[in-house]
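Hi! Here's the structure I promised to pass on. Could you open it up and follow along while you read my notes below?

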Amino acid sequence: MPEINWTNWLILMASIMVLIGMGYYTNKKIVHGSDGEGGFLLAGRSLGPIIGGGTIVATGFSGWGFMGSPGAAYAFGTTELLGNFFFGFSLVIGVLFFARFLYRRGVKMGALTIPEFIAKNHPGDERMQRILQGTASVITAVLLSVFLVGQIKALGMLGGSWLGIPLEYAAALMVLVIVIYTSMGGLAAVAWTDTFMVICMTFSAIYICFQMFTDISLFEMIDQLHVIDANLVNPATANPYGSAPFQIFYLLPYTILFACVLPYQSIRLMSFRPDVKAHHVAMVVAPIGLMLSMIPFVGLYMRIKFPELAVADEAMPMYLKHFMPPIASGLITLFILFAMQSTANSVLLVVSSSLSHDLRKAIKPESKISDKQAITLNQATVVIIGLITMAMMLFAPPFMLNMIAIMGTGTLMASFVGPVLVSVFWKGTAKGALAAIISGFGISAGLLVFSDLGWIEPPIYAAVCSSIIYVVVSRFTRTDPVRSKDTESVAHHHNARPLAH
């Protein structure tokens, strides 16, 4: 058992007080200051450009960004650098060209979650819409629970070595903290704590880059990597994303789907204040995303310094242990733990809302419970899901963090691309949306499990197939012509306008 580091424990306890304090504040000011479940699930649509932009970036760059991407860069080389830049670019695209559409239509329909948005956005009888919302909620809960297990493992790996306790104890402590403040303040607590976290993450990235490039210049790094293995600098494949070099560019559509379709990302686009302008949010997202995209360089740096690591995902922990002063290492490790928490709390909230809100509405829409009871149910579900996913992590087999992330999020994107993104340009029917969700899930999961394709190829191929199925089935099941106002194009959504009028 590693030696307990009491200084790091004191730093952690201080940060926990800040996070729980934010949860308490948002509980009093936003959850109980708003009408109904919207105060918990959508932060009362109160997010401004700084808090909203901060939570979008923090959620996008998390455990995979600070632990998984250095590991992938260590194992496969410079391919991962381009992948990270694609993620930052796509977050900006999602804010500029998709936020206003999702916000306005969500407000119009009174949707509080993405499964509810999908159901209300597609014409069909009440029974079909209930089936659609229920199916979307179950698939969301299942796939994001898989992703959450990976986030919890990442928290345990880094937190355990930092605090000097076993992985399982560290993971349990982190989950406990996340459950406390998330259950208190809902999306508002998640957004506020995320913004605090992403500020710390950005300073960490700046300091890390300063250390690496004052030790080894970029050109020296390239030369030394070329000596170790030329494929690290000029990869002959796009591994782990595909077998051919050009397949790295599959990441661009993949990351755009990530920013616009994934429920734990896209739900933020529905939670802004009505007066917020998209380009103001983008001005927050772009520079932070650019800075955080530099983190995979740690993997390349460690490939030079420690070329024989047994586990690639140990690149970041080993870097902090050997190349950072103790105090800086402690603080940066805390900030990386923040990065992991920023996605874990978002995923936990979306999984919980899928079960406590969407599944409840799908099974028994006529049930009448008070706003207070609904919020209490949401809070209780956050606690239950946190405990269940913690138990799942304890019994999960070994896996690479990036791979488990893509298995969960990639399959969910393939399922929802038609009902969420294609519906921006052409709105289908409830039966078309249901067919797209089921086919996207089945094709992506089947290819990931039974084929030798790269990590992102199965979700991309499945997304194309499910989009086609969405259009074809909708055309055959449509009873009324689509009105022009229902096919509102994002091309008319000028960035200078507020998200809502």
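Let's begin with Tyr461, which counts as partly exposed because its relative accessibility is 30%. That label comes from a simple scale: buried means under 20% relative accessible area, exposed means over 50%, and partly exposed is in between (1.4 Å probe, protein chains only).

Before you click further: this is a predicted model, where local features need pLDDT of at least 70 and side-chain atom pairs count only at pLDDT 80 or more, while totals for chains, interfaces and linings use all residues. Residues are numbered from 1 along each chain as its sequence is written, and side-chain values use heavy atoms, with hydrogens and water left out.

**Rings**

How many aromatic pairs are there? The count comes to 16. Rings of Phe, Tyr and Trp (its six-membered ring) pair if their centres lie within 6.5 Å; planes under 30 degrees apart are stacked, over 60 edge-to-face, and the rest tilted. Phe98 and Phe101 have ring centres 5.7 Å apart and planes at 35 degrees, so they make a tilted pair. Both Phe98 and Phe101 are buried. Tyr461 comes back here with Tyr250: their ring centres are 6.1 Å apart and the planes sit at 75 degrees, so this pair is edge-to-face. (Helices are DSSP runs of H or I with at least four residues, strands are runs of E with at least two, and both are numbered from the N terminus.)

There's also an aromatic cluster made of Phe87, Phe147, Phe258 and Tyr264. Two arginines lie over ring faces: Arg45 over Tyr103, 5.9 Å from the ring centre, and Arg303 over Tyr74, at 5.3 Å. For that to count, NZ of Lys or CZ of Arg must be within 6 Å of the ring centre and within 35 degrees of the ring normal.

**Helix H6**

Is helix H6 (residues 99-109) mostly covered or mostly open? Mostly covered, since eight of its 11 residues are buried. Among them are Phe101, which you met above, and Tyr103, the ring under Arg45. Just after H6, Gly110 takes a positive phi of about 75 degrees.

**The core**

A nonpolar core is a set of buried Ala, Val, Leu, Ile, Met, Phe, Trp, Tyr and Cys residues joined through side-chain atoms within 4.5 Å. The largest one here has 159 residues, and Phe98 and Ile208 are among those touching the most other members. Helix H9 (residues 167-215) gives this core its largest share, 20 residues. Setting aside neighbours within four places in sequence, Ile208 is in contact (heavy atoms within 4.5 Å) with residues including Ile295, Met316 and Tyr319.

**Salt bridges**

The structure holds five salt bridges, each a side-chain nitrogen of Lys or Arg within 4 Å of a carboxyl oxygen of Asp or Glu. In one of them, Arg360 pairs with Glu37, the closest N and O atoms being 3.1 Å apart. These two sit far apart in the chain, 323 residues, with Arg360 in helix H17 and Glu37 in the loop between helix H1 (6-31) and helix H2 (38-41). Arg360 is buried at 16%, and Glu37 is buried too, at 9%.

Glu116 and Lys120 form another salt bridge (3.7 Å, N to O). Why are they about one helical turn apart? Because they are four residues apart in helix H7 (residues 114-120). Glu116 is buried at 5%, whereas Lys120 is partly exposed at 39%. Arg273 and Asp275 make one more, with N and O 2.9 Å apart.

**Around Asn378**

Asn378 is in helix H18 (residues 371-395) and counts as buried because its relative accessibility is 1%.
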